[in-house]
Amino acid sequence: WLLSQEERIEGAINFYVESLEAWRAALGIESFDLIAHSIGGYFSAFYAMAYPGRVRRLVLHGAVGIGPAPPPEERRPLGPFRGLWEQGFLHFGRLKHFGPLVRNTAKEGFKGYMATESEAEAELLCEYWWQLLCAQPLSSDTSVNICLTPIATDERTSMYGRRPVAEEGEARLANLARTRPAFLYGESDWLYGGDALADFIEALPGASLHFVPGAAHHEYLDQYRRYHAVLEEVLGREDAGRV
(Lines give C-alpha, C1' and ligand atoms only; values in the text may rest on other atoms or scores of the structure.)
Protein backbone atom coordinates (compact mmCIF):
# COMPACT_ATOMS: atom_id res chain seq x y z
CA TRP A 1 0.00 0.00 0.00
CA LEU A 2 2.97 2.33 0.39
CA LEU A 3 4.06 1.89 -3.23
CA SER A 4 3.07 4.20 -6.06
CA GLN A 5 1.15 2.74 -9.00
CA GLU A 6 4.31 2.80 -11.12
CA GLU A 7 6.24 0.91 -8.43
CA ARG A 8 3.50 -1.70 -8.13
CA ILE A 9 3.46 -2.26 -11.90
CA GLU A 10 7.25 -2.53 -11.99
CA GLY A 11 7.21 -4.98 -9.10
CA ALA A 12 4.56 -7.19 -10.72
CA ILE A 13 6.39 -7.26 -14.07
CA ASN A 14 9.75 -8.02 -12.44
CA PHE A 15 8.24 -10.83 -10.36
CA TYR A 16 7.24 -12.75 -13.48
CA VAL A 17 10.24 -11.81 -15.61
CA GLU A 18 12.79 -12.82 -13.01
CA SER A 19 10.85 -15.96 -12.01
CA LEU A 20 10.94 -17.13 -15.63
CA GLU A 21 14.63 -16.32 -15.91
CA ALA A 22 15.36 -18.21 -12.67
CA TRP A 23 13.46 -21.23 -14.07
CA ARG A 24 15.47 -21.08 -17.30
CA ALA A 25 18.77 -20.84 -15.45
CA ALA A 26 17.88 -23.68 -13.08
CA LEU A 27 17.15 -26.01 -16.00
CA GLY A 28 20.22 -24.92 -17.93
CA ILE A 29 18.26 -23.93 -21.04
CA GLU A 30 20.25 -21.61 -23.28
CA SER A 31 17.34 -20.45 -25.45
CA PHE A 32 13.78 -21.53 -26.10
CA ASP A 33 10.56 -20.77 -27.96
CA LEU A 34 8.27 -18.82 -25.63
CA ILE A 35 4.52 -19.18 -26.20
CA ALA A 36 2.19 -17.33 -23.84
CA HIS A 37 -1.48 -16.39 -23.49
CA SER A 38 -3.43 -13.35 -22.25
CA ILE A 39 -1.63 -11.53 -19.42
CA GLY A 40 1.05 -14.23 -19.65
CA GLY A 41 1.76 -12.78 -23.08
CA TYR A 42 2.16 -9.34 -21.54
CA PHE A 43 4.73 -10.55 -19.01
CA SER A 44 6.48 -12.67 -21.66
CA ALA A 45 6.91 -9.63 -23.87
CA PHE A 46 8.70 -7.92 -20.98
CA TYR A 47 10.84 -11.04 -20.50
CA ALA A 48 11.82 -10.92 -24.17
CA MET A 49 12.75 -7.25 -23.85
CA ALA A 50 14.89 -7.99 -20.78
CA TYR A 51 16.47 -11.24 -22.06
CA PRO A 52 16.19 -11.25 -25.87
CA GLY A 53 19.10 -13.66 -26.28
CA ARG A 54 17.18 -16.35 -24.41
CA VAL A 55 14.09 -16.30 -26.65
CA ARG A 56 14.42 -17.98 -30.06
CA ARG A 57 10.87 -17.13 -31.08
CA LEU A 58 8.14 -15.31 -29.18
CA VAL A 59 4.51 -16.26 -29.86
CA LEU A 60 1.84 -14.35 -27.95
CA HIS A 61 -1.78 -15.48 -28.34
CA GLY A 62 -4.65 -13.46 -26.98
CA ALA A 63 -2.04 -11.18 -25.38
CA VAL A 64 -3.35 -8.16 -23.50
CA GLY A 65 -1.57 -4.90 -22.73
CA ILE A 66 0.48 -4.81 -25.93
CA GLY A 67 -0.86 -1.87 -27.93
CA PRO A 68 -1.49 1.69 -26.70
CA ALA A 69 -4.74 2.53 -24.92
CA PRO A 70 -7.37 4.74 -26.59
CA PRO A 71 -6.88 8.47 -25.94
CA PRO A 72 -8.94 10.00 -23.11
CA GLU A 73 -11.26 11.88 -25.47
CA GLU A 74 -12.49 8.56 -26.97
CA ARG A 75 -13.29 6.85 -23.64
CA ARG A 76 -16.74 6.31 -22.14
CA PRO A 77 -17.59 5.93 -18.42
CA LEU A 78 -17.68 2.39 -17.01
CA GLY A 79 -19.70 3.11 -13.87
CA PRO A 80 -19.18 1.02 -10.71
CA PHE A 81 -17.23 -1.63 -12.63
CA ARG A 82 -14.19 0.62 -12.78
CA GLY A 83 -14.28 1.36 -9.07
CA LEU A 84 -14.49 -2.32 -8.16
CA TRP A 85 -11.66 -3.12 -10.58
CA GLU A 86 -9.40 -0.39 -9.23
CA GLN A 87 -9.97 -1.67 -5.68
CA GLY A 88 -8.89 -5.17 -6.77
CA PHE A 89 -12.26 -6.86 -6.23
CA LEU A 90 -12.83 -8.17 -9.76
CA HIS A 91 -10.75 -11.17 -10.77
CA PHE A 92 -11.14 -14.95 -10.88
CA GLY A 93 -9.18 -15.42 -7.68
CA ARG A 94 -12.09 -13.97 -5.71
CA LEU A 95 -13.90 -17.27 -6.27
CA LYS A 96 -11.87 -18.80 -3.43
CA HIS A 97 -13.52 -16.46 -0.93
CA PHE A 98 -16.93 -17.94 -1.72
CA GLY A 99 -15.71 -21.56 -1.62
CA PRO A 100 -18.41 -24.27 -1.73
CA LEU A 101 -21.14 -21.66 -2.32
CA VAL A 102 -20.04 -21.13 -5.92
CA ARG A 103 -17.88 -24.18 -6.63
CA ASN A 104 -20.46 -26.24 -8.54
CA THR A 105 -21.83 -23.24 -10.42
CA ALA A 106 -18.34 -22.13 -11.46
CA LYS A 107 -17.33 -25.62 -12.55
CA GLU A 108 -20.48 -26.03 -14.64
CA GLY A 109 -19.72 -22.72 -16.30
CA PHE A 110 -16.22 -23.87 -17.19
CA LYS A 111 -17.56 -27.21 -18.38
CA GLY A 112 -20.03 -25.53 -20.73
CA TYR A 113 -17.26 -23.49 -22.31
CA MET A 114 -14.52 -26.06 -22.81
CA ALA A 115 -14.52 -28.46 -25.74
CA THR A 116 -14.04 -31.86 -24.11
CA GLU A 117 -14.68 -35.34 -25.46
CA SER A 118 -16.17 -37.05 -22.39
CA GLU A 119 -17.82 -36.25 -19.08
CA ALA A 120 -14.82 -37.63 -17.18
CA GLU A 121 -12.42 -35.42 -19.12
CA ALA A 122 -14.64 -32.39 -18.51
CA GLU A 123 -14.78 -33.10 -14.78
CA LEU A 124 -10.99 -33.43 -14.52
CA LEU A 125 -10.39 -30.25 -16.49
CA CYS A 126 -12.90 -28.28 -14.42
CA GLU A 127 -11.36 -29.55 -11.20
CA TYR A 128 -7.95 -28.47 -12.49
CA TRP A 129 -9.22 -24.95 -13.18
CA TRP A 130 -10.92 -24.71 -9.79
CA GLN A 131 -7.74 -25.75 -7.96
CA LEU A 132 -5.66 -23.41 -10.12
CA LEU A 133 -7.83 -20.48 -9.14
CA CYS A 134 -8.57 -21.31 -5.52
CA ALA A 135 -6.09 -23.70 -3.93
CA GLN A 136 -3.14 -21.34 -3.57
CA PRO A 137 -2.64 -17.77 -2.34
CA LEU A 138 -3.44 -15.16 -4.97
CA SER A 139 -0.64 -13.91 -7.19
CA SER A 140 -1.38 -13.75 -10.88
CA ASP A 141 -4.96 -12.61 -10.34
CA THR A 142 -3.98 -9.64 -8.20
CA SER A 143 -1.35 -8.66 -10.78
CA VAL A 144 -4.12 -8.44 -13.39
CA ASN A 145 -5.63 -5.52 -11.48
CA ILE A 146 -2.22 -3.95 -10.97
CA CYS A 147 -1.13 -4.08 -14.62
CA LEU A 148 -4.37 -3.72 -16.58
CA THR A 149 -7.19 -1.22 -16.69
CA PRO A 150 -10.66 -1.51 -18.31
CA ILE A 151 -11.48 1.08 -20.97
CA ALA A 152 -14.69 1.50 -22.97
CA THR A 153 -15.03 3.31 -26.29
CA ASP A 154 -17.81 3.45 -28.89
CA GLU A 155 -16.00 0.63 -30.72
CA ARG A 156 -15.20 -1.81 -27.89
CA THR A 157 -14.81 -2.41 -24.17
CA SER A 158 -11.52 -4.08 -23.39
CA MET A 159 -8.53 -4.24 -21.08
CA TYR A 160 -5.38 -2.24 -21.73
CA GLY A 161 -1.99 -2.13 -20.11
CA ARG A 162 -1.31 0.62 -17.62
CA ARG A 163 2.21 0.34 -19.00
CA PRO A 164 1.67 -0.76 -22.62
CA VAL A 165 4.42 -2.71 -24.34
CA ALA A 166 4.08 -0.39 -27.35
CA GLU A 167 5.22 2.57 -25.23
CA GLU A 168 8.49 1.03 -24.06
CA GLY A 169 11.75 2.67 -25.10
CA GLU A 170 13.35 2.24 -28.50
CA ALA A 171 16.13 -0.05 -27.25
CA ARG A 172 13.72 -2.37 -25.46
CA LEU A 173 11.42 -2.60 -28.47
CA ALA A 174 14.47 -3.44 -30.58
CA ASN A 175 15.10 -6.34 -28.18
CA LEU A 176 11.49 -7.46 -28.65
CA ALA A 177 11.91 -7.33 -32.42
CA ARG A 178 14.92 -9.66 -32.19
CA THR A 179 12.53 -12.48 -31.18
CA ARG A 180 10.46 -12.03 -34.38
CA PRO A 181 7.28 -11.91 -32.29
CA ALA A 182 4.08 -13.39 -33.67
CA PHE A 183 0.76 -12.16 -32.27
CA LEU A 184 -2.24 -14.52 -32.54
CA TYR A 185 -5.83 -13.55 -31.75
CA GLY A 186 -9.20 -15.18 -32.14
CA GLU A 187 -11.12 -13.21 -34.72
CA SER A 188 -13.66 -12.16 -32.04
CA ASP A 189 -11.25 -11.82 -29.10
CA TRP A 190 -12.54 -9.03 -26.87
CA LEU A 191 -8.98 -8.30 -25.74
CA TYR A 192 -7.73 -7.57 -29.26
CA GLY A 193 -6.52 -4.00 -29.21
CA GLY A 194 -7.87 -2.88 -32.60
CA ASP A 195 -6.19 -0.61 -35.12
CA ALA A 196 -3.69 0.86 -32.64
CA LEU A 197 -2.36 -2.63 -31.87
CA ALA A 198 -2.25 -3.58 -35.55
CA ASP A 199 -0.32 -0.39 -36.34
CA PHE A 200 2.21 -1.15 -33.60
CA ILE A 201 2.75 -4.71 -34.84
CA GLU A 202 3.09 -3.54 -38.44
CA ALA A 203 5.76 -1.03 -37.41
CA LEU A 204 7.73 -3.55 -35.31
CA PRO A 205 10.44 -5.17 -37.48
CA GLY A 206 10.00 -8.92 -37.87
CA ALA A 207 6.61 -9.00 -36.11
CA SER A 208 3.47 -10.59 -37.57
CA LEU A 209 -0.24 -10.60 -36.75
CA HIS A 210 -2.46 -13.67 -37.22
CA PHE A 211 -6.12 -14.42 -36.59
CA VAL A 212 -7.77 -17.73 -35.74
CA PRO A 213 -11.15 -17.99 -37.54
CA GLY A 214 -14.17 -18.79 -35.39
CA ALA A 215 -12.31 -18.25 -32.11
CA ALA A 216 -12.59 -15.75 -29.27
CA HIS A 217 -10.11 -15.14 -26.43
CA HIS A 218 -9.38 -18.81 -25.70
CA GLU A 219 -8.58 -19.78 -29.27
CA TYR A 220 -6.60 -22.83 -28.12
CA LEU A 221 -9.97 -24.19 -26.83
CA ASP A 222 -12.44 -22.52 -29.19
CA GLN A 223 -10.77 -23.69 -32.40
CA TYR A 224 -7.83 -25.80 -31.29
CA ARG A 225 -7.14 -27.37 -34.70
CA ARG A 226 -7.08 -23.99 -36.44
CA TYR A 227 -5.00 -22.59 -33.57
CA HIS A 228 -2.42 -25.36 -33.93
CA ALA A 229 -2.32 -24.83 -37.69
CA VAL A 230 -1.52 -21.14 -37.22
CA LEU A 231 1.03 -21.99 -34.53
CA GLU A 232 2.79 -24.48 -36.80
CA GLU A 233 2.80 -21.92 -39.59
CA VAL A 234 4.40 -19.34 -37.31
CA LEU A 235 7.06 -21.64 -35.87
CA GLY A 236 7.66 -23.63 -39.05
CA ARG A 237 7.10 -27.36 -39.41
CA GLU A 238 10.61 -28.14 -38.21
CA ASP A 239 10.04 -26.29 -34.93
CA ALA A 240 6.44 -27.40 -34.42
CA GLY A 241 7.44 -30.73 -32.92
CA ARG A 242 9.30 -28.93 -30.12
CA VAL A 243 6.36 -26.82 -28.98
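Okay, let's start with Arg 54, which is partly exposed, at a relative accessible area of 25%. Keep in mind that what we're looking at is a predicted model.

So what does the side chain of Arg 54 meet in a salt bridge? That would be Glu 30, with 3.1 Å from N to O. Glu 30 sits in the loop between H1 and strand S1 (32-37), while Arg 54 is in the loop between helix H2 (39-50) and strand S2 (55-61), so this pair ties together parts 24 residues apart in sequence. Glu 30 counts as exposed, by the way, with 55% relative accessibility.

How many salt bridges does the structure hold? Eight. Another one of them joins the side chains of Arg 24 and Glu 21, at 2.7 Å, N to O. These two are three residues apart in helix H1 (residues 5-27), which separates them by about one helical turn. As a general point, an α-helix has 3.6 residues a turn, so residues three or four places apart point the same way. Both Arg 24 and Glu 21 are buried.

Then there's a network: salt bridges link Glu 10, Arg 163, Glu 168 and Arg 172. Within it, the side chains of Glu 168 and Arg 172 meet at 2.8 Å, N to O. Glu 168 counts as buried at 11% relative accessibility, and Arg 172 as partly exposed at 27%.

On to the rings. We get nine aromatic pairs. Take Tyr 47 and Tyr 51: their ring centres are 5.3 Å apart and the planes are at 35°, so we call that pair tilted. Tyr 47 is buried, with a relative accessible area of 0%, whereas Tyr 51 is partly exposed at 23%. Now look at Tyr 192 and Phe 211, with centres 5.2 Å apart and planes at 80°, so that pair is edge-to-face. Tyr 192 lies in the loop between strand S5 (182-186) and helix H9 (194-203), and Phe 211 in strand S6 (residues 208-212), so here the parts tied together are 19 residues apart in sequence. There's a cluster, too: ring pairs link Phe 15, Tyr 16, Tyr 42, Phe 43 and Phe 46.

Last stop, helix H11, residues 224-235. Which residues in H11 are buried? Tyr 227, Val 230, Leu 231, Val 234 and Leu 235 are. They cover an arc of only 125° around the axis, so they're on the same side of H11. Over on the other side, Arg 225 and Glu 233 are exposed.

Notes. Residues are numbered from 1 along each chain as its sequence is written. This is a predicted model: local features need pLDDT of at least 70, side-chain atom pairs count only at pLDDT 80 or more; totals for chains, interfaces and linings use all residues. Side-chain values use heavy atoms; hydrogens and water are left out. Rings of Phe, Tyr and Trp (its six-membered ring) pair if their centres lie within 6.5 Å; planes under 30 degrees apart count as stacked, over 60 as edge-to-face and the rest as tilted. Buried means under 20% relative accessible area, exposed over 50%, partly exposed in between (1.4 Å probe, protein chains only). Helices (H or I, at least four residues) and strands (E, at least two) are DSSP runs, numbered from the N terminus. The arc is that of the directions from the helix axis to the C-beta atoms. A salt bridge is a side-chain nitrogen of Lys or Arg within 4 Å of a carboxyl oxygen of Asp or Glu.
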